[in-house]
Amino acid sequence: MIEGGTGELIERARVEAGLSQRALADKTGISQPTLSRIISGDRSAKMPEIVAIAWATGRTVAQLTGGRAVADRVQCAARATNGSGMDGMRQALLHFLELDDYLDEQAIPATI
């Protein structure tokens with residue numbers, strides 16, 4: 001469970017994404033009452049919920065949890081050979097790296 005100011009960060013991301021609570025609930029599969037309790041701080045968010053909200057709002061897990069962003073630590077180079085936009089590729093890569101970083105912090109082993 002993710003605690004702290006996550007509710008405030010989720011609410012900010014929701015508003016900046018131009019989503020109502022109902023729209024965010026529909027996009028994430030989280031019920032609107034549960035989403036409301038997470039935003040108000042009455043309930044802690046679970047990691048799958050954080051990931052779903054991050055994807056729906058265009059944020060990273062670190063941005064929603066207040067953690068140190070992997071993007072600040074990552075040094076990489078990439079080249080698109082299929083015409084894909086580099087910004088989109090970078091954001092997708094950072095989402096996966098942040099999730100991996102979180103799982104490492106929680107001592108959750110990678111599976112093959």
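Let me begin with helix α4, which is mostly covered: 8 of its 11 residues are buried. Buried means under 20% relative accessible area, exposed means over 50%, and partly exposed lies in between, with a 1.4 Å probe and protein chains only. Helices here are DSSP runs of H or I with at least four residues, strands are runs of E with at least two, and both are numbered from the N terminus.

A word on the source. This is a predicted model, in which local features need pLDDT of at least 70 and side-chain atom pairs count only at pLDDT 80 or more, while totals for chains, interfaces and linings use all residues. Residues are numbered from 1 along each chain as its sequence is written, and side-chain values use heavy atoms, with hydrogens and water left out.

Now the overall layout. The protein chain has 6 helices and 0 strands. Read from the N terminus, its elements run α-α-α-α-α-α. Of its 112 residues, 34% count as buried. Take the contacts between residues at least 6 apart in sequence: 58% of them join residues at least 24 apart. Contact means heavy atoms within 4.5 Å.

Back to α4. Which of its residues are buried? They are M47, E49, I50, V51, I53, A54, A56 and T57. What do these buried residues pack against? Their partners are α1, α2, α3, α5 and α6. Just after α4 comes G58, which takes a positive phi of about 75°.

Next, the core. A nonpolar core is a set of buried Ala, Val, Leu, Ile, Met, Phe, Trp, Tyr and Cys residues joined through side-chain atoms within 4.5 Å. The largest one has 19 residues, and those touching the most other members are I10, L35, I50, I53 and L64. At least two residues of this core come from each of α1 (6-16), α2 (21-28), α3 (32-40), α4 (47-57) and α5 (61-65). α4 gives the largest share, 6 residues. As for L35, leaving aside residues up to four places away in sequence, it touches Q21, L24, A25, I30 and I53.

Now to the helix pairs. Axes are lines fitted to C-alpha atoms, for helices over the stretch in contact, and angles run from 0 to 180 degrees between N-to-C directions. Angles under 35 degrees count as roughly parallel, over 145 as roughly antiparallel, 65 to 115 as roughly perpendicular, and the rest as oblique. A crossing is left-handed if the near helix is turned anticlockwise from the far one by less than a right angle, and right-handed if clockwise. For residue classes, Ala, Val, Leu, Ile, Met, Phe, Trp, Tyr, Cys and Pro count as nonpolar, Asp, Glu, Lys and Arg as charged, and the others, Gly among them, as polar.

Take α4 with α6, residues 86-105: the axes are 12 Å apart and the packing angle is about 165°. α4 is therefore roughly antiparallel to α6. α4 passes α6 in a right-handed crossing. On the α4 side are M47, V51, A54 and W55, and they meet H95, L99 and Y102 in α6. By class, this contact has 6 nonpolar, 1 polar and no charged residues.

The second pair is α2 with α3, which pack at about 110° with axes 9 Å apart. So α2 is roughly perpendicular to α3. Their crossing is right-handed. Here Q21, R22, L24 and A25 in α2 meet Q32, L35, S36 and I39 in α3. The residues divide into 4 nonpolar, 3 polar and 1 charged.

α2 passes α4 in a right-handed crossing. L24, K27 and T28 in α2 meet A52, I53, A56 and T57 in α4. This contact has 4 nonpolar, 2 polar and 1 charged residues.

The C-alpha atoms of E16 and G58 are separated by 9.7 Å, and the two residues are 42 apart along the chain.
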